[in-house]
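Try each one yourself before you read the solution.

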Amino acid sequence: MGESDQMIYLVFRKANEKQFSIENVFQPIAGRISGLTRAMTWTLPFSNRGLVHKVKNILAVFQLNGFVHITGDVYYTCLLLRRPFVATYHDVEILTRTSGLKRWLIKMFWFKIPSKKARFLSFVSAFSKQDFVEKIGGHIESKCTVIYNPLPAGFEHVPKEFNSQKPKILQIGTKQNKNLSRLAGALQGISCELIVVGKLTANQKDVLGSARIEYIERHNLTPNQLIQAYRDCDILSFVSTIEGFGLPIIEAQATGRVVITSKVTSMPEIAGRGAHLVDPFDLDDIRNGFLKLINDESYRNQLVEAGLKNIGRFELEKISLQYLELYKKAFVDH
């Protein structure tokens, strides 16, 4: 297999307490495949802030003596690489939040050039792959594959009696795409307690207050605290406007909690039959979805059972072997 005995480096961005989702996904994968081949995680020496730091990161990746897998967010670091490498793309949502020169720079150096240079591109959902191809272009479909994110460790089925009088609704994330303002409008008048994991803005607090939503804000949770938040809740709310994958969907399903999520982008693909799907732009549809979950025990139980079956698609062993096969293919085809 030639170069297949060389070290495989899973490249991570510089640690940031506000960003950890990519690392949570790929740390377990690296641990699993390291028992089957020579692989390790490798963190960039500098953050993405400033041109000097970026140049130093590019040089650091260039000096790695092995096969490189860029796991996310730092695709520009491939600019000097001459050997084959793999890049995993989670979404191109940032292009919807930027404009002008900044958007052009991100599109070129995070997406277009790296996707052209990479031997293979993996995407965390069929939606994220299609969205990337449509927005970035470049005749790259032949090098694209879909490999789902694995279910993180620690999420397991813990039965809980559903509180139909005042359910605890868990909301993961506070970014604009998480759709918190419409969620507040949809929940207005429904007896519930909203648990928001993430830092709320002043405007978001005003929106929740105006809707008279009883809420608790939680952020900087440890992994165990996050797992407990899922166990304590009755419903997971994930009515985002766009997601490249939607990890909270399968985390809630694995815990045995009923899920309400959106019928757009990747979310139906990831949820399978184990969630109630709504139009994230329609307050009435979101509201009616919550009311059905709260009032219809049979339907609720049906979704929970379907969710527990669905998570089999996201087993760590299965996902890790798919990455290992992708690495081998990159070596063979080189």
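Buried means under 20% relative accessible area. Keep that cut-off handy, and keep in mind that this is a predicted model.

**Exercise 1.** Work out what share of the residues in the protein chain is buried.

*Solution.* Apply the under 20% cut-off to relative accessible area. Buried residues then come to 51% of the 334 residues in the protein chain.

**Exercise 2.** Describe the overall build of the protein chain.

*Solution.* Start with secondary structure: there are 13 helices and 12 strands. Next, take the radius of gyration, which is 21 Å; the globule rule gives 20 Å for 334 residues, so the chain is as compact as a globular protein of that length. For the dimensions, the C-alpha atoms fill a box of roughly 60 × 45 × 35 Å along the principal axes. Finally, look at the contacts between residues at least 6 apart in sequence: 64% of these join residues at least 24 apart.

**Exercise 3.** Work out how helices H9 and H12 are packed, and which residues make the contact.

*Solution.* Find H9 at residues 247-255 and H12 at residues 297-310. Their axes come within 8 Å and cross at roughly 110 degrees. Angles of 65 to 115 degrees count as roughly perpendicular, so that is how H9 and H12 sit relative to each other. As for handedness, H9 passes H12 in a left-handed crossing. On the H9 side, the contact is made by Ile250, Gln253 and Ala254, and on the H12 side by Gly307, Leu308 and Asn310. Sort these by class and you get three nonpolar, three polar and no charged residues.

Methods. Residues numbered from 1 in each chain as written. Predicted model: local features only at pLDDT ≥ 70, side-chain atom pairs only at ≥ 80, totals over all residues. Heavy atoms only, no water. Axes fitted to C-alpha atoms, helices over the stretch in contact; angles between N-to-C directions. Helix = DSSP H or I, 4+ residues; strand = E, 2+ residues; numbered from the N terminus. Parallel < 35°, antiparallel > 145°, perpendicular 65-115°, else oblique. Left-handed = near helix turned anticlockwise from the far one by under 90°. Contact = heavy atoms within 4.5 Å. Nonpolar A, V, L, I, M, F, W, Y, C, P; charged D, E, K, R; others polar. Rg over C-alpha atoms; globule rule 2.2 N^0.38 Å. Buried < 20%, exposed > 50% of the residue type's maximum accessible area, 1.4 Å probe, protein only.
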